Amino acid sequence: MKYNFDHVLDRRASDSIKWNFFEEDVLPLWVADMDFLSPPEVLNALRKRIDHGVFGYSKTQDKTKSAVQDWLSNRHGWKVQTDDILIIPGVVQAFNVAAAAYSQPGDSVLIQTPAYHPYFYVSSNSQLHQIDSPLVCESSGYYSLDSSLFKHSLHPDTRTFMLCNPHNPTGRVFNESELHSMAQSCIENNTIICSDEIHSDIVHPGYKHIPIASLSSEIAHMSVTMVSATKSFNLAGLKSSAVIIPNPRLRELFSNQLSGFVGSVNVLGETALTASYEYGEDWLTELLNYLEGNRQLLLDFINNELPGINLFPPEGTYLAWLDCSELDLDDPADFILKQARVGLNSGEWFGENYSHYARINFGCPRETLTAALERIKSALLLR
Ligand SMILES: Cc1ncc(COP(=O)(O)O)c(C=O)c1O
């Protein structure tokens, strides 16, 4: 191993929200960033940029778009044109901009629940109606698409669908047939697919991320895809992302909506994004191995030591969606915070029907993960 993911860092002394939100004795395994150093190659590129010493307004460099193109092609087999790419500060901004650009006030936007919390603000941000189309949960805890439910959730005025793939919080990596089915329904309804693929590089063995727009030119024509190096290379605070819009008309509407509201990406964010895609592959390979070890540890611990908590193995992301219904607690994350001093996300954050869930972030050194799980075990034994 060239990189050391076991190293425990003091993040409390930094400006980390993850580590400074709760009281000091709490181990935080909530917000979606990891407790690992970014790749040294990226840190070196940042140092070099800082040494230049001037940080004026930036213009997207050609090499940034080339890095995005090469990454998407090599990693996900998706060929995109240079002109289709926009570099902007963030994915949350991007899906809000898309909803505003393609809708009129009073139209509807469809989201799939459980959902990453910021999707719940898209409707109010652009005066839209929100339609919830739940993913269906089998008794095993496996979430999947109900094609008919999805199709019938789309209304004539549903201009945008917010797809999250890989899915936060369930960890699903949607398969080709699910993606085709969603895309077909959207095309028939003239609904634009806003595909948040920010977690696309974190996919566990046996699964493959498929960019929905790569399935056909017809689907690409109806889609806006958002990717970023920020999850994969732990750069969330540097705020940079890429939006791919092959349809020139949709791209124009998106760009018009951006101007005046969303500024250029910050220069260090762009440097980090480019360096990650250019030099980060080996680091990512080792990260994925390490995360696979953590995922296995988490599953074994839950199955053997935490009766009352169930987890269907996540297919992607470093997040796990813990079904705590058998514990019979109003808010399991709150119990775990108060009694175990471990900070998780409460299931309610992902939709009103999910209060019996908690989300845990296993993107941390194994020592931290083990300590947190031991704390939860002790708290459950004492209750
Ligand atoms: C599904 C999803 N989309 C977007 C984001 C955040 O994106 P950004 O920081 O680029 O706004 C996150 C962060 O957790 C996420 O999980």
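Helices (H or I, at least four residues) and strands (E, at least two) are DSSP runs, numbered from the N terminus. The structure is a predicted model, in which local features need pLDDT of at least 70 and side-chain atom pairs count only at pLDDT 80 or more, while totals for chains, interfaces and linings use all residues. Residues are numbered from 1 along each chain as its sequence is written.

Most residues other than glycine have a negative phi, and most peptide bonds are trans. A cis peptide bond, with omega of about 0°, links Thr-113 to Pro-114. Pro-114 lies in the loop between β3 (108–111) and α5 (122–125). The bond from Asn-165 to Pro-166 is also cis, and its omega is near -10°. The loop that holds Pro-166 runs between β7 (158–164) and α7 (176–189). Gln-127, which is not a glycine, has a positive phi of about 55°. This residue is located in the loop between α5 and β4 (129–132).

The domain assignment divides the chain into domain 1 (17–31 + 281–382) and domain 2 (54–279); such bounds come from an automatic or database domain assignment. The centres of the two domains, taken over C-alpha atoms, are 26 Å apart. Contact between the domains involves 21 residues of domain 1 and 23 residues of domain 2, where two residues are in contact if their C-beta atoms, placed from the backbone, lie within 7 Å. On the side of domain 1 that touches domain 2, α11 (281–305) and β11 each supply at least two residues. By class, this side of domain 1 has 12 nonpolar, 4 polar and 5 charged residues. In this classification, Ala, Val, Leu, Ile, Met, Phe, Trp, Tyr, Cys and Pro count as nonpolar, Asp, Glu, Lys and Arg as charged, and the others, Gly among them, as polar.

An open sheet of 7 strands has mixed pairing and the order β2-β10-β9-β8-β7-β3-β4; two strands pair if DSSP finds at least two bridges between them. Strands β2 (85–88) and β4 are at the edges with a single partner strand each, so one side of each has no neighbour in the sheet. From one strand to the next, the twist averages 20°. Within this sheet, β9 (residues 223–227) and β10 (residues 241–244) pair in the antiparallel sense over 3 bridges. Met-226 has Val-243 in β10 as its bridge partner.

A further open sheet has 3 strands in the order β11-β14-β13, and its pairing is antiparallel. Its edges are β11 (319–323) and β13 (345–346); each has a single partner strand, so one side of each is left without a neighbour in the sheet. Strands β11 and β14 (residues 357–361) run antiparallel and are joined by 5 bridges. Opposite Leu-322 stands Ala-358 in β14.

Helices α12 (residues 332–340) and α13 (residues 366–382) pack at an angle of about 95°, and their axes are 9 Å apart. Axes are lines fitted to C-alpha atoms, for helices over the stretch in contact, and angles run from 0 to 180 degrees between N-to-C directions. The angle makes α12 roughly perpendicular to α13, a term that covers 65 to 115 degrees. Ile-336, Gln-339 and Ala-340 of α12 form the contact with Arg-375, Ile-376 and Ala-379 of α13. These residues comprise 4 nonpolar, 1 polar and 1 charged.

The ligand has 13 residues around it, of which Ala-32, Gly-90, Val-91, Val-92 and Asn-168 come nearest. A residue is near a molecule if its C-beta atom, placed from the backbone, lies within 6 Å of it. The shell around the ligand consists of 7 nonpolar, 5 polar and 1 charged residues.

Key. Parallel < 35°, antiparallel > 145°, perpendicular 65-115°, else oblique.
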